[in-house]
Amino acid sequence: MYDPTLTIHATGAATKTVEEHKEPQDVTLHAAWYCPFTHRGWITLEEKGVPYEYREINIYHRDENYERFLKINPKGMVPALERNGKALGESLILCEYLEDAYPTEETRLLPADAFERAFARLWLDYISKQIVPAYFRLIQAQGEQNQTTAREEYYKILRTFADMVKGPYFLGEQFSLVDVAIAPFVVRDAVLKEKRGYERVDVSAKWKEYADKVAARPSVVKTSSEIKDYTHFYGPYLRDEADSEIAKSVRAGGGIP
Ligand SMILES: N[C@@H](CCC(=O)N[C@@H](CS)C(=O)NCC(=O)O)C(=O)O
């Protein structure tokens, strides 16, 4: 559904970051400012210090730009990452690609040790299969009773994750892809706080400490827009009227497409 009232560019701290990345580079992030999956790729680029162009695409406006975008990502979804004429979709895959393609020790986002790497992927999988669908179930829940149930379910799922946090970040001192993957949903929990009675501290004290730390990470701050604009974007989700692929899938009891 094309929403003509939707802001078509990033706001808040992210405005300056977009401005600094509008020149063509070998790497292009095809992006939507409001999209939590785009946000993952964007944080990764900032963490790794890769020169990149940020290119906004309004995927809900099915015009000639969208038609062109389908050649970059036939799935028609943001984010997509283009490098020297080749393109990748799927946020976590393109984040892992950036990690592999720019293997700088100081900006490592996955551990060197094989077991630790697998352990990180295990929790990336948990974020994809458990946390993100539960986030959308809560945002789309209608009526007080359903919202309370969805909120309690979300808390339980986050508590399991929080119990595994080594601190200050998920894997310890080193900020990793696990933190990248969850960060956009931490930023956007402000929408749940305002509209669904969510409080970080009600998950657990450990979750609050972790979430506060992730939200304050400079790469996260400089790629985030204003909360009021996220809330506006989520309006149709909050009324369970959104017809994005995610909204439809979650409404039907499914996961993230
Ligand atoms: N699994 C994908 C999900 C990406 C996704 O759902 N992006 C949304 C925007 S936040 C999208 O492009 N939706 C297009 C649509 O619903 O038609 C990923 O991780 O990259």
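These legends walk through several views of a predicted model.

View 1. Let us start with the overall picture. The C-alpha trace spans about 50 × 45 × 30 Å along its principal axes. A compact globule of 257 residues would have a radius of gyration near 18 Å, and the chain agrees because its own value is 18 Å. Buried residues account for 40% of the 257 residues. Among contacts between residues at least 6 apart in sequence, 72% link residues at least 24 apart.

**View 2. Two domains within the chain.** The domain assignment gives domain 1 as residues 13–107 and domain 2 as residues 114–251. Their C-alpha centres are 21 Å apart.

**View 3. Where domain 1 touches domain 2.** Here, 16 residues of domain 1 are in contact with 19 residues of domain 2. On the domain 1 side, the elements that each give two or more residues are helix H1 (13–20), helix H2 (36–48) and helix H4 (91–101). H2 provides the largest share of that side, with 8 residues. Sorted by class, the domain 1 side has 9 nonpolar, 3 polar and 4 charged residues.

**View 4. The shell around the ligand.** Finally, take a look at the ligand and its surroundings. There are 15 residues around the ligand, and those that come nearest are Cys35, Met77, Ser91, Ser244 and Glu245. Both domain 1 (13–107) and domain 2 (114–251) contribute to this shell, with at least three residues from each. By class, the shell divides into 10 nonpolar, 3 polar and 2 charged residues.

How values were computed: Residues are numbered from 1 along each chain as its sequence is written. This is a predicted model: local features need pLDDT of at least 70, side-chain atom pairs count only at pLDDT 80 or more; totals for chains, interfaces and linings use all residues. Domain bounds come from an automatic or database domain assignment. Two residues are in contact if their C-beta atoms, placed from the backbone, lie within 7 Å. Helices (H or I, at least four residues) and strands (E, at least two) are DSSP runs, numbered from the N terminus. Ala, Val, Leu, Ile, Met, Phe, Trp, Tyr, Cys and Pro count as nonpolar, Asp, Glu, Lys and Arg as charged, and the others, Gly among them, as polar. A residue is near a molecule or strand if its C-beta atom, placed from the backbone, lies within 6 Å of it. The radius of gyration is taken over C-alpha atoms; the globule rule is 2.2 Å times the number of residues to the power 0.38. A residue is buried if 20 or more other C-beta atoms lie within 10 Å of its own, exposed if 12 or fewer, and partly exposed in between; C-beta atoms are placed from the backbone.
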